[in-house]
Each structure stands twice: as C-alpha cells, then as structure tokens.
Amino acid sequence: MRGRVHPMSDSAEPVLPHRDCERAVLLRIPAKAEYIALCRLALTGLGRVREIGDDTMADLKLALTEAVSNSIRHAYGPNGSGHVEITYELRLDRLGIEVVDDGEGFDPDETPAFEGDELSEGGLGIAIIRTIADDFTIQSRPGVRGSRLRFVKHL
C-alpha cells in the first residue's frame, strides 16, 4: 500500500510499514527552491529509522537536491508555479527516492549541452544522479506534461 496524494495538501504523509519492513514517506512541496532544504531534512530523518552511512547519506542528499532542483528549474521555469512530489521508500536493503512533477517534459536521452569544453550546468544533474544511484529510471517526453525520476541506493 502506498500513500495517496492529497491534491490540496502540502504536507508529508507517512505510509504504514509493509511485510518487508518498508517505510515510505510522501512529501509534496511547492516548486520553489527554498523548499529543497525540507526535502533534505526528510531524508536525514530516515537516517534515524535505519543506519545510513555518512558518505551514503551525503551522496543521497546530493542526488536528491539535483533531482528536485531539476524539477523546480526546468519543469516550471523561473516564474512558474506547481508542485513537486518526493516519495522516499526505505526497505531493509535499499532506499528508493522518486521525484515527480507536472511541468514541461524533456528528452532524457538528449545529449547534455557543452559550453566550450565544459558540460553545461543543466547537463550535470542527471549525470550526478546516475553516478550515485545503483538503479536509475527517468520517464519524460518533450511536449508531454510531467516527469518522473526514480533512483535507488542499496544500503
């Protein structure tokens, strides 16, 4: 059983544990940069439920920050409004994080842009997440609203 999204709520909703000791939390935030810290705090809180090493936690915070920042910056633009939903799924052997928005879609297979010999800032986020994650999936298409990015780290 997963948590349900309440369309008018900006609150976190814990989900009941499952047979395999899964714990999940759903957080829905306004698509504003100042809420990224809240996403990171929720992740830190999961470190109190299950031992997550300092290096792994730092990597997860970086990947989460990149994923949520991408949704805020690219899906809705600088003056856009919307929400980003973050689901944290903690299991005995792994932590999964899913970031979902209803903004502008993009081509996840598009080669990142280069400025001179350097990778542009916009191309770094997904590359960082792919490097950190043990499993990674992304669903998005240009011209279609909404994107879903999921990454898993084995603990």
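Predicted model: local features only at pLDDT ≥ 70, side-chain atom pairs only at ≥ 80, totals over all residues.

Reader: In what order do the elements run from the N terminus on?

Author: The secondary structure of the chain comes to three helices and eight strands. Read from the N terminus on, these elements follow the order β-β-α-α-β-β-β-β-α-β-β.

Reader: What percentage of the residues of the chain count as buried?

Author: Buried means under 20% relative accessible area. The chain has 155 residues, and the share that counts as buried is 40%.

Reader: How many salt bridges does a search of the whole structure find?

Author: Side chains of opposite charge can pair when their charged atoms come close. The cut-off used here is a side-chain nitrogen of Lys or Arg within 4 Å of a carboxyl oxygen of Asp or Glu. With the whole structure searched, the number of salt bridges is five.

Reader: How many residues apart in sequence are the parts that E85 and R28 tie together?

Author: E85 and R28 form a salt bridge, with the closest N and O atoms 3.5 Å apart. E85 belongs to strand β3 (residues 83-90) and R28 to strand β2, so the pair ties together parts whose separation in sequence is 57 residues.

Reader: Is R28 buried or exposed?

Author: The limit for buried is under 20% relative accessible area. R28 has a relative accessibility of 13%, so R28 counts as buried.

Reader: Which residue forms a salt bridge with R145, and where does that residue lie?

Author: In this salt bridge the closest N and O atoms are 2.8 Å apart, and the partner of R145 is E104. The pair links distant parts of the chain, 41 residues apart. R145 is in the loop between β7 (135-139) and β8, while E104 is in the loop between β4 and β5 (114-115).

Reader: What is the N to O distance in the salt bridge of D93 and R94?

Author: D93 is partly exposed at 38% relative accessibility, and R94 is partly exposed with a relative accessible area of 27%. Their side chains meet in a salt bridge, where the N to O distance is 2.7 Å.

Reader: Which residues make the nonpolar surface patch of about 280 Å²?

Author: A residue needs over 30% relative accessible area to be part of a patch. Y35, in the loop between β2 (23-30) and α1 (36-49), is partly exposed with a relative accessible area of 32%. The nonpolar patch of about 280 Å² is made by Y35, L38 and L41.

Reader: What distance separates the C-alpha atoms of S147 and A75?

Author: S147 lies in strand β8 and counts as buried at 8% relative accessibility. Along the chain, S147 and A75 are 72 residues apart, and the distance between their C-alpha atoms is 8.1 Å.

Reader: What distance separates the C-alpha atoms of T131 and D59?

Author: T131 is part of helix α3 (residues 121-132) and counts as exposed at 67% relative accessibility. T131 and D59 are 72 residues apart along the chain, with their C-alpha atoms separated by 9.6 Å.

Reader: How far apart in space are D102 and V84, C-alpha to C-alpha?

Author: D102 lies in the loop between β4 and β5 and counts as partly exposed at 48% relative accessibility. D102 and V84 are 18 residues apart in sequence, and their C-alpha to C-alpha distance is 7.7 Å.

Notes: Residues numbered from 1 in each chain as written. Heavy atoms only, no water. Patch = residues over 30% accessible without salt bridge, like charges linked within 9 Å, V, L, I, M, F, W, Y side chains within 5 Å. Areas by Shrake-Rupley, 256 points an atom, 1.4 Å probe, with all protein chains shown as cover. Helix = DSSP H or I, 4+ residues; strand = E, 2+ residues; numbered from the N terminus. Buried < 20%, exposed > 50% of the residue type's maximum accessible area, 1.4 Å probe, protein only.
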